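Let's learn to read a few features together, one question at a time. Take a look first.

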Amino acid sequence: MKILITGASGLIGRRLTETLLTQNHHITALTRAPERSKKILGPHVDLWDSLADKTSLDGFDAVINLAGEPIADKRWSNEQKQKLCDSRWQLTEQLAQLIKAGTQPPAVFISGSAVGYYGDQGQAVVPEDEPPNKQFTWQLCDRWEALALTAESEKTRVCLLRTGVVLADKGGVLAKMLLPFRAGLGGPFGNGQQYMPWIHIDDMVKGIIFLLQHETLHGPFNMVAPYPARNEQFSALLGEILNRPAFIRVPASVVRLLMGESAILVLGGQRAIPKRLEDAGFVFDHGELRQALEDVLGR
């Protein structure tokens, strides 16, 4: 297949690109930093630095849209919130318009989203049809998804990736957690009862390829493992695997002081389950948290 990928040098995109190349697909990556991306992705990936001169995306079999400003790297000032939105909405709209403009458009558009679509759901089990709580993360993801869905037609199906915390050996949320945990300073946030939907990087990539290959699938998919963990459970298990104490609880008031409105990312949660993926026959290789953490940490 000929596949266009945005965000190819990111955590998910890098592993996805490597995997697709081993399967002999032809990959083009859209990137704002071609030289950096060439070093990361290697010589077998074609690079575009812009869509400005494109009139359609005819010739591609699939488009996979993973680009977006990292959501947890900075406090959510009004300016940062706008940057988070623009980095997702503008590119997604542009891709959708180019898909619609073609006469032989890509057969599938797989576009990013997040479990943040649902907002904080407390203890409720969250399949894909769960009504959202309309917080900022919902506003961000709802518009992002709506723009992607404008590409849908008889010729193009659209799949939406409502992704949880991706566990990987390098990068992502886990890399940020390891330093305090290895120093014996790790522990749960707030009361620790909030659910943390997670997925192993290999299952994330496998899931995207599953959606790529199954021509009847469309709409939203929770890209999460079947058994979400409470923050307290996750912290205790990570400490156990690292052979470090993990009892230093960070009070919710401190988290809110440090993170402002974005504290909802760690104090809230979603007990999201991959109902539509599993109903379609997808099988996880890393469905249990202990096994997934041991795998990415090389234990």
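Q: Is Asn 24 buried or exposed?

A: Welcome! This is a predicted model, where local features need pLDDT of at least 70, side-chain atom pairs count only at pLDDT 80 or more, and totals for chains, interfaces and linings use all residues. Residues are numbered from 1 along each chain as its sequence is written, and side-chain values use heavy atoms, with hydrogens and water left out. Buried means under 20% relative accessible area, exposed over 50%, and partly exposed in between (1.4 Å probe, protein chains only). Asn 24 has 70% relative accessibility, so it counts as exposed.

Q: Where is Asn 24 found?

A: Helices (H or I, at least four residues) and strands (E, at least two) are DSSP runs, numbered from the N terminus. Asn 24 sits in the loop between helix 1 (11–22) and strand 2 (26–30). Although not a glycine, Asn 24 has a positive phi of about 70°.

Q: What is the relative accessible area of Asn 243?

A: The value is 65%, and Asn 243 is exposed. This residue belongs to the loop between helix 7 and helix 8 (252–259).

Q: Which residues of helix 5 meet helix 7?

A: Contact means heavy atoms within 4.5 Å. Leu 174, Met 177, Leu 178, Phe 181 and Arg 182 in helix 5 touch Phe 234, Ser 235, Leu 238, Gly 239 and Leu 242 in helix 7.
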